[in-house]
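Here are my notes on the model you sent. Please read them beside the coordinates.

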Amino acid sequence: MEESVNFGVLCLLPPFAAVVLALVTKQTLLSLFIAIWLGSTMLNDWNPLVGFVKIVSDYMIPSIASKWNAGLLVLVTMAGGMVAILRVMGSAQAFASCVTKSVNSSKKGQIVTCLSAFLFSYTEPCLILGTIMRPVTDAVKISRAKLAYILDSMGCNLASFSPICSYGPFITGLIAAQYAAAKLEGSEWEIWWRMLPFNLYGLFAMATVLLVAALKLDFGPMYTEEKRARETGKLMADGVSPLVPEKKRELPEAYEPTIWNFAVPILCLFGGVFATIFWTGGVGENGILGSFGKGDITLAICIGFMSGAVGAGSVAACTRLFSPVAAFNHFVDGMAELIFVPFILVGAWSISSITGTMQVGNYLAGIVDLYLTPKLVPAIVFAFGALISFSTGSSWGVWSVMMPIALPMAFAFDLSVPFVVGAVISGGLFGDQCSPISDTTVMSSTGASCNHIVHVATQLPYGLTVGVAAFCGFLFGGWTGMYWTSILAAGAVLLAALVVLHKISVTVRGNKETNE
């Protein structure tokens with residue numbers, strides 16, 4: 001692997017190429033490959049042949065070798081198996097037939113899906129929740145783009161508020177490192193808890209889902225998607241294909257799935273997840289909360305998927321739907337169906353590795369250092385964090401780069417540390433949700449069975465709106481020192497923007513229909 005090289009403004013070329021090509025060609029994997037090739041070529045003395053060869057040797061293979069990344073590949077693959085076995089035994093249909101008795105409108109479907117994310121937050125909500133809720137949202141004519149948006153909004157944003165998953169310990173570790181470097185005393189967990197209200201992007205991204213659903217405030221491309229779904233029942237536009245081809249299995253005519261087809265696999269899934277967390281986290285020594293902080297969450301989710309599959313296979317065998325051997329084959333077939341997704345993830349990690357080697361984060365962070373004044377620190381930290389995260393598709397990478405820059409400035413300028421940490425976390429979350437090369441975005445498209453580029457294009461206006469509102473909140477808080485009031489300021493800007501943008505979309509759509 002090449003040592004870090006300073007390319008100046010040219011370091012932005014690979015991530016910029018990935019985003020633009022993805023939006024223009026609508027081919028995510030091809031766009032990633034070209035961007036990786038460009039970056040690899042730049043890092044190898046602009047030699048395209050050497051750059052082509054090193055795509056695999058220097059970027060793809062090392063990205064797979066990472067324990068975290070390898071674990072996520074296994075997790076996503078096993079999720080495909082779990083999704084498949086739930087599909088073939090009618091679990092989602094059983095759940096939908098039960099829920100749709102009370103969820104009988106698009107508004108209720110969106111709200112229930114959003115709130116259900118809290119229940120499935122430790123089972124990879126982007127994938128499993130999408131599979132379970134898809135029949136429900138289909139029945140009440142919610143577009144696949146809207147489902148993908150809900151899953152994405154409730155993925156990384158929700159995780160950033162949880163002390164008992166990998167996000168919490170990672171963030172507190174970064175905070176503790178900066179306190180140690182500054183030789184200051186402070187509890188990283190106390191800072192983390194006090195930061196939560198100031199995680200403006202994560203907070204309002206989730207709130208926006210509920211506001212849009214409850215007040216029917218769709219706008220932009222999503223307005224078109226939802227209007228078509230409601231009026232024609234078409235959940236995707238003609239000629240548009242989902243990221244992963246959707247497969248449907250017809251149950252035997254005499255077989256009627258019951259709620260047990262849903263309940264047993266899900267209970268086994270949760271049982272496997274929590275049992276593994278308690279075991280790997282040493283619940284006897286560290287207590288329940290401590291075990292969540294120290295447990296292996298990725299391993300727990302993988303074991304949960306395997307346990308859920310065993311539970312599903314047992315129900316299928318007991319009800320004579322299919323044999324245990326057939327259940328295993330369905331699980332394996334489901335893993336194979338998602339093979340496209342791991343390649344996209346490897347591509348996303350490879351481009352992230354290239355942006356790291358080319359010092360994209362340091363280049364942008366250097367601009368922050370040059371043009372900051374104390375009152376602008378929170379707002380500019382958020383803005384540049386959002387730009388870096390969108391360019392790299394990584395929230396954790398942004399936090400690792402920006403925390404060592406932001407916290408020393410908070411110490412030096414006597415700013416509220418929780419408020420500045422909130423700006424750092426919010427900036428990372430923006431790209432994690434909105435970037436087309438983010439693994440969360442890819443998994444949301446997969447879980448919703450939505451076209452990936454459609455998901456990115458329809459979600460981005462919402463992400464930008466929340467981002468602008470969060471920026472205004474950080475600007476207000478930093479400029480006035482009224483940190484708690486900044487939450488109200490951001491909320492007011494967000495609500496006003498949603499109402500105005502919705503009215504504009506309704507007017508534009510109405511004029512277009514009149515002219516046609």
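**Notes on the H2–H3 region**

1. Start with the loop. Asp45 sits in the loop that joins H2 and H3. Helices here are DSSP runs of H or I with at least four residues, strands are E runs of at least two, and both are numbered from the N terminus. The model is predicted: local features need pLDDT of at least 70, side-chain atom pairs count only at pLDDT 80 or more, and totals for chains, interfaces and linings use all residues. Residues are numbered from 1 along each chain as its sequence is written, and side-chain values use heavy atoms, with hydrogens and water left out.

2. Check the backbone of Asp45. Its phi is near 55°, a positive value in a residue other than glycine. Asp45 counts as exposed because its relative accessibility is 73%. The cut-offs are under 20% relative accessible area for buried, over 50% for exposed, and partly exposed in between, with a 1.4 Å probe and protein chains only.

3. Trp46 lies in the loop between H2 and H3 too. Its phi is positive, about 60°, although Trp46 is not a glycine. At 47% relative accessibility, Trp46 is classed as partly exposed.

4. Asn47 caps the N-terminal end of H3. One of its side-chain oxygens is 3.0 Å from the backbone nitrogen of Leu49.

5. The length of H3 checks out. H3 covers residues 48-65, 18 residues in total, and should span 26 Å at 1.5 Å a residue; the end C-alpha atoms are 25 Å apart, so the two agree. The expected span is 1.5 Å times one less than the number of residues.

6. H3 still bends, by about 50° at Lys54. The bend is the angle between axes fitted to the seven residues ending at a position and the seven starting there.

7. Which residues of H3 are buried? They are Gly51, Ile55, Asp58, Tyr59 and Ser63. Val53, also in H3, is exposed, with a relative accessible area of 56%.

8. Val53 belongs to a nonpolar surface patch of about 520 Å², together with Leu30, Phe33, Ile34, Trp37 and Phe52. Patch residues have over 30% relative accessible area and no salt bridge; nonpolar side chains (Val, Leu, Ile, Met, Phe, Trp, Tyr) are joined within 5 Å, like charges within 9 Å. A salt bridge puts a side-chain nitrogen of Lys or Arg within 4 Å of a carboxyl oxygen of Asp or Glu. Areas are Shrake-Rupley values with a 1.4 Å probe. H2 (28-43) and H3 each give at least two residues. The largest share, four residues, is from H2.

Key:
Polar contact = N/O pair within 3.5 Å; in protein donor to acceptor, adjacent residues only side chain to side chain.
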